[in-house]
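Hi there,

Here is the structure I promised to pass on to you. Have a look at it first, and then read on for what turned up in it.

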Amino acid sequence: MALRKFVSKISKSNEDVDREKLAAFCGGIGVTPIADVHEREQVRTGGEIGALRIVPRSGAPALEVIVSDGKLNLTAVFLGRRKIRGMTPGRKVAVEGTVLRDGNRLLMLNPSYELY
C-alpha cells in the first residue's frame with residue numbers, strides 16, 4: 001500500500017500535484033468550483049491568482065484578476081481600480097459576487113474578496 005502511494009506520488013507531474021493542492025485548498029475554504037458556477041447567480045468561488053492586468057473600460061481603469069481553481073478560470077473585474085494591495089500572482093483568493101458571461105469568459109464585476 002505504501003509503495004503504491006510512493007510510486008503514484010513520484011510519477012505525477014508537478015502541475016498535477018499543484019492542481020490537487022489547489023483543489024484541496026478550494027474544498028477546505030468551502031467555495032464552489034468554477035465548473036459548477038452558473039451565469040447570473042450569486043456565488044462564492046476562489047482559487048489562485050494567475051494574472052493581473054489593467055484594462056480601460058468606458059474611459060476608466062479596471063483591474064482584471066484571473067482566478068484559477070486548477071481546472072477553469074474566472075475573471076474578477078474591479079472597476080475604477082488600478083491595483084489592490086495584496087493581490088499578486090500566486091496568492092490565493094476567494095471572491096463572491098454575481099457571475100456574467102462575456103463570450104467564453106466568466107466575469108464577476110466588483111466582487112467582495114478575501115485573500116489567503
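Let me start with V99. Leaving aside its neighbours within four places in sequence, V99 is in contact with V37, H38, E39, R40, E41, V43, L74, L106, L107 and M108. Please keep in mind as you browse that this is a predicted model.

**The cores**

V99 also belongs to the largest nonpolar core, which has 17 residues. Together with V65, L74, F78 and M87, V99 touches the most other members of that core. Strands β1, β2, β3, β4 and β5 each supply at least two of the core residues. Apart from this core lies another one, of 5 residues, and among them are L22, C26, V31 and A94.

**Helix α2**

Two of those names, L22 and C26, come up again in helix α2, where the buried residues are L22, F25 and C26. They cover an arc of only 95° around the axis, which puts them on the same side of α2. In general, an α-helix has 3.6 residues a turn, so residues three or four places apart point the same way. On the other side of α2 you will find K21, A24, G27 and G28, which are exposed.

What do the buried residues of α2 pack against? Their partners are three strands: β1 (42–57), β2 (60–68) and β4 (92–102).

The helix itself runs over residues 14–28, so to speak 15 residues in all. From its first C-alpha to its last it reaches 21 Å, close to the 21 Å expected at 1.5 Å a residue. D16 and R19 are 3 residues apart in helix α2, which separates them by about one helical turn.

The structure holds 9 salt bridges, and two others deserve a look. One is formed by E48 and K92, whose closest N and O atoms are 3.8 Å apart. E48 lies in strand β1 and K92 in strand β4, so the pair ties together parts that are 44 residues apart in sequence. E48 is partly exposed, with a relative accessible area of 31%, and K92 is partly exposed too, at 25% relative accessibility.

The other joins the side chains of E64 and R57 (2.7 Å, N to O). Is E64 buried or exposed? At 1% relative accessibility, E64 counts as buried, whereas R57 is partly exposed at 28%. This pair is part of a network in which salt bridges that share partners join R53, R57, E64, D102 and R105.

Of its 7 residues, 5 are buried, so β3 is largely enclosed by the rest of the structure.

β3 pairs with β2 in the antiparallel sense, over 7 bridges. If you want a pair to find on screen, L63 has F78 in β3 as its bridge partner. The two strands form a hairpin with 4 residues between them, and G70 in the turn has a positive phi of about 100°.

β3 is also joined to strand β5 (residues 105–109), by 3 bridges, and these two strands run parallel. Here T75 stands opposite L107 in β5. L107 is one of the residues in contact with V99.

**Two backbone details**

Which residues other than glycine have a positive phi? R40 is one of them, with a value of about 60°. R40 is found in the loop between α2 and β1, and at 70% relative accessibility it counts as exposed. R40 is also among the contacts of V99.

N110 is another, with phi near 45°. N110 sits in the loop between β5 and β6 (112–115). With a relative accessible area of 45%, N110 is partly exposed.

Enjoy exploring it, and write back with any questions.

Best wishes

Conventions
Residues numbered from 1 in each chain as written. Predicted model: local features only at pLDDT ≥ 70, side-chain atom pairs only at ≥ 80, totals over all residues. Heavy atoms only, no water. Expected span 1.5 Å × (residues − 1). Buried < 20%, exposed > 50% of the residue type's maximum accessible area, 1.4 Å probe, protein only. Arc of directions from axis to C-beta. Contact = heavy atoms within 4.5 Å. Salt bridge = Lys/Arg side-chain N within 4 Å of Asp/Glu carboxyl O. Pairing = 2+ DSSP bridges. Core = buried A, V, L, I, M, F, W, Y, C linked by side-chain atoms within 4.5 Å.
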